[in-house]
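The tour goes from one selection to the next, with a short note on what is found at each stop.

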Amino acid sequence: MAEHTASSDVRTRIVSVVAGVVGWAGLLIAVVLVAHVLLTVGGANPANSITTTVASWADRLALGFRDLFTPEDPKLRVLINYGIAAVFWLIVRSLVVKLVRRLG
């Protein structure tokens, strides 16, 4: 019985760590996307290394949302598309964390 409890404790810890990593990763993705929105809408210098780095990461993380809507205003385009991508990642994060905990 003690072996079963030890095995169960290890499994619980592993599930907790995996859920934590997934949760933080999903949150980090959403933060990058929101940072890109804030830098763009706020009028940050597009040649600045921070702005270009965040934009590069955001472009990769936005998936198919990057050009989902195409309003004339480029700031509005970024706000809508990257904002939707951030919400998408927060939803995915939540679902995957719940799934990991349920399977664990």
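**Stop one: a buried asparagine**

Select Asn81, which is buried, with a relative accessible area of 0%. Keep in mind at this and every later stop that the model is predicted. Asn81 is part of helix α3. What does Asn81 touch, if residues up to four places away in sequence are not counted? Display Phe65, Arg66, Asp67, Leu68 and Phe69, and you have the answer. For one of these, Arg66, look at the backbone: its oxygen lies 3.2 Å from a polar atom of the Asn81 side chain.

Now select Leu61, in helix α2. Is Leu61 buried or exposed? Its relative accessible area is 16%, and the cut-off for buried is under 20%, so Leu61 counts as buried. Leaving aside neighbours within four places in sequence, Leu61 is in contact with Ile29, Val32, Leu33 and Trp89.

Next, widen the view to the largest nonpolar core, which has 14 residues. To find the residues with the most contacts inside this core, select Ile29, Leu33, Ala58, Leu61, Ala62, Tyr82 and Ala85. Which helices supply the core? Colour α1, α2 and α3 (74-103) separately; each of them supplies at least two residues. As background, nonpolar side chains in soluble globular proteins tend to be buried together.

Move on to Gly42, in the loop between α1 and α2 (49-61). Why does Gly42 count as exposed? Its relative accessibility is 63%, and exposed means over 50%, so Gly42 falls in that class. Finally, select Lys75 together with Gly42 and draw a line between their C-alpha atoms. The two residues are 33 residues apart in sequence, and the line spans 8.9 Å in space.

Notes
Residues are numbered from 1 along each chain as its sequence is written. This is a predicted model: local features need pLDDT of at least 70, side-chain atom pairs count only at pLDDT 80 or more; totals for chains, interfaces and linings use all residues. Side-chain values use heavy atoms; hydrogens and water are left out. Helices (H or I, at least four residues) and strands (E, at least two) are DSSP runs, numbered from the N terminus. Buried means under 20% relative accessible area, exposed over 50%, partly exposed in between (1.4 Å probe, protein chains only). A nonpolar core is a set of buried Ala, Val, Leu, Ile, Met, Phe, Trp, Tyr and Cys residues joined through side-chain atoms within 4.5 Å. Contact means heavy atoms within 4.5 Å. A polar contact is a pair of N or O atoms within 3.5 Å; within protein, one must be able to donate a hydrogen and the other to accept it, and residues adjacent in sequence count only if both atoms are side-chain atoms.
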